Amino acid sequence: MIASDPLLSHGIDLEVVLIVIAKTIVVFALLLVLVMFYIWFMRKVIADMQNRIGPNNAGPWGILQTLADGIKFFFKEQSIPDTADRWVFRLAPYLSVLPAFLAFSIIPIGGKVSIAGHQTYLQLADPPIGVLFLLMMSGVGLYGVMLAGWASGSKYPLLGAVRASAQLLSYEAAFGLSVVAVLLHSGTLSTRGIANAQAWTSWHSFVTDWYWSVAIVSFVIFVIAAVAETNHPPFDLVEAEQELVGGFHTEYTGIRFAIFFLAEFMNVITMSAIAVTLFLGGPSGPALGFLPQGGFVNLWIMPVFWFFLKLMVLLFGTVWLRASVPRLRYDQLMDLGWKWLIELSFLAVMVTAVVVVARDQGWDRWIAVPAAFGGALAILGLLRLCMPHRDETVSEVV
Amino acid sequence: MIVQNIFFWVLALAMVLGAIGVVRSQNVVHAALYLVVVMAGAAAQYILLAAEFVAWVQVIIYIGAVIILFLFGIMLTRAPMGGDTKLDNDQRWPAAVVSVFLAGVLGALLIDAFGKKEIVISGAKGEQLLQVGKAGHLADSIFTAYVVPFEVVSILLLAALVGAVVIARRD
């Protein structure tokens, strides 16, 4: 009962086990290659945006640069500070990379295919409560950063760790609440179920469903919270170079340092993939009409193509963000998280609930939905009025 | 059944060792990490009982939030590097006696109450158990049969939250 994959529903024999192992290896390798490609892509695009050339020596267009860097890191000296807690110091990089890997395992990458006579999804696992698994992984991912900062035994890493825990705890609330709106719509916690619930029917039902109106708000909240959860610029206060040298990874060298960066970029990719699954329909998209519906291209290639296309668009967005938005101040970070995102996502959940109830009860949605939005805006205005104003001076910089 | 029993004992052993680590450790952060082992073991026990939802919630709440807050508090106030001998005091033997006594009483109660009850996880009864562990079933019972206790608990938590803010803010 761990998965609702048709592969596991007819008993488990050797072939099934082999298929699962093969899927695990493919997903693992895919994520590593994606990270390699993403780092190169990011450096190239930022270089273009800043009128530079970027990496161009290793391989064609510098595409092997990441590989070269990785190999170099393996041969570098790994030092451990005298004041470090040696055991925790060694453990921390792995604690931060593991959740990123695990979270990717429940992302639906493609459609339902058949391998060696077994029907299966192109997805490593489809647990019935997959979204909770995602939230769990984003919570557990904090341990790596916190313990790395503490175990280093010096001041800047510790400050970075404290910042990280405050930031991630603050944004986890908005993150989870923005997902709740999606769950209300789809009525399931399984990632594949959520992707399927967004399947296209027609323009008419899309517009009159009214889910898009709230989903846009939830999507914006989700993206901001996800960017903050991954410590991605403009929310990279955790490792602000000008203030904290490098933050939590200041004392790390060699391959352990590289593992932290692997985890960071992997988290960006995983979060983008989650956004694709929860808000952009995952692997669904138009099939090629001139080819047979059940053929190889439409069953295997097209869903995977749509998934990666959507993923690439989001990943480009993250690079764009990195190149163009300056880092937030600490008090702005906390204001945005607590005073805006959390209350906005609560209101989005309320409006979504109204839309769902209107669907179930058969209310006229042209009245119910605008009324719900009006109510939400009124509550927002009231909250703004009640909230004590603080002038815009830096008073609480940690 | 044998497999489940083996896993139960392995997990139980890890949990007991982790729990001993929590109280034996000379370092607050290490103690918190041992507590993570105990909580993760409890989550794994829930999975053995086919209560998948409860298991993940256990991890989200306890490992992902409560212990993170412990660590956060420790790091904000004092983050001792290396051993902190002040964590130990001369009341360890009375404490050991009390905890062994408590473990004995609770264990005896549990064995007396559930000792002969077998949890069936295969066949029709097992299917029923799996249904009980599902998220939808839990949500149904929380928001229908147990809705009043649920709301009372949430108001209690809100009051505690407001109280904490009032105590913390002196201005």
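About 2,400 Å² is buried between chain A and chain B, and carbon and sulfur atoms give 83% of that area. The model is predicted. Zero salt bridges are counted between chain A and chain B. Over all chains, the structure holds four salt bridges.

**Interface between chains A and B**

- The contact involves 29 residues of chain A and 26 residues of chain B.
- One residue pair is in polar contact between the two chains, with both residues at pLDDT 80 or more.
- On the side of chain A that touches chain B, the elements giving two or more residues are helix H4 (130–140), helix H5 (142–151) and helix H6 (155–186).
- H6(A) gives the most to that side, with seven residues.
- By class, that side of chain A has 22 nonpolar, five polar and two charged residues.

**Salt bridges in chain A**

- A:Arg43 and A:Asp69 meet through their side chains in a salt bridge, 3.3 Å from N to O.
- A:Arg43 lies in helix H1 (residues 14–49) and A:Asp69 in helix H2 (residues 65–74) of chain A, so this pair ties together parts that are 26 residues apart in sequence.
- A:Arg43 counts as partly exposed at 33% relative accessibility, and A:Asp69 counts as partly exposed at 22%.
- A:Arg329 and A:Asp331 form a salt bridge between their side chains, at 2.9 Å from N to O.
- A:Arg329 is partly exposed, with 29% relative accessibility, whereas A:Asp331 is buried at 7%.
- A:Lys339 and A:Asp335 also meet in a side-chain salt bridge, at 3.5 Å from N to O.
- Both residues sit in helix H13 (residues 330–361) of chain A; they are four residues apart, so about one helical turn separates them.
- A:Lys339 is partly exposed, with a relative accessible area of 25%, and A:Asp335 is partly exposed at 24%.

**A:Pro108**

- A:Pro108 is in the loop between helix H3 (86–104) and strand E1 (112–115) of chain A.
- A:Pro108 counts as buried because its relative accessibility is 1%, under the 20% cut-off.
- Beyond its neighbours within four places in sequence, A:Pro108 has contacts that include A:Leu122, A:Gln123, A:Thr191, A:Arg192 and A:Phe307.
- A:Pro108 and A:Leu95 are 13 residues apart in sequence, and their C-alpha atoms are 24 Å apart in space.

**Domains of chain B**

- The domain assignment of chain B gives domain 1 (1–82) and domain 2 (134–171).
- The C-alpha centres of these two domains of chain B lie 24 Å apart.

Key:
Residues numbered from 1 in each chain as written. Chains lettered and ligands numbered in written order. Predicted model: local features only at pLDDT ≥ 70, side-chain atom pairs only at ≥ 80, totals over all residues. Heavy atoms only, no water. Contact = heavy atoms within 4.5 Å. Buried area = accessible area lost by both parts, 1.4 Å probe. Polar contact = N/O pair within 3.5 Å; in protein donor to acceptor, adjacent residues only side chain to side chain. Nonpolar A, V, L, I, M, F, W, Y, C, P; charged D, E, K, R; others polar. Domains from an automatic or database assignment. Buried < 20%, exposed > 50% of the residue type's maximum accessible area, 1.4 Å probe, protein only.
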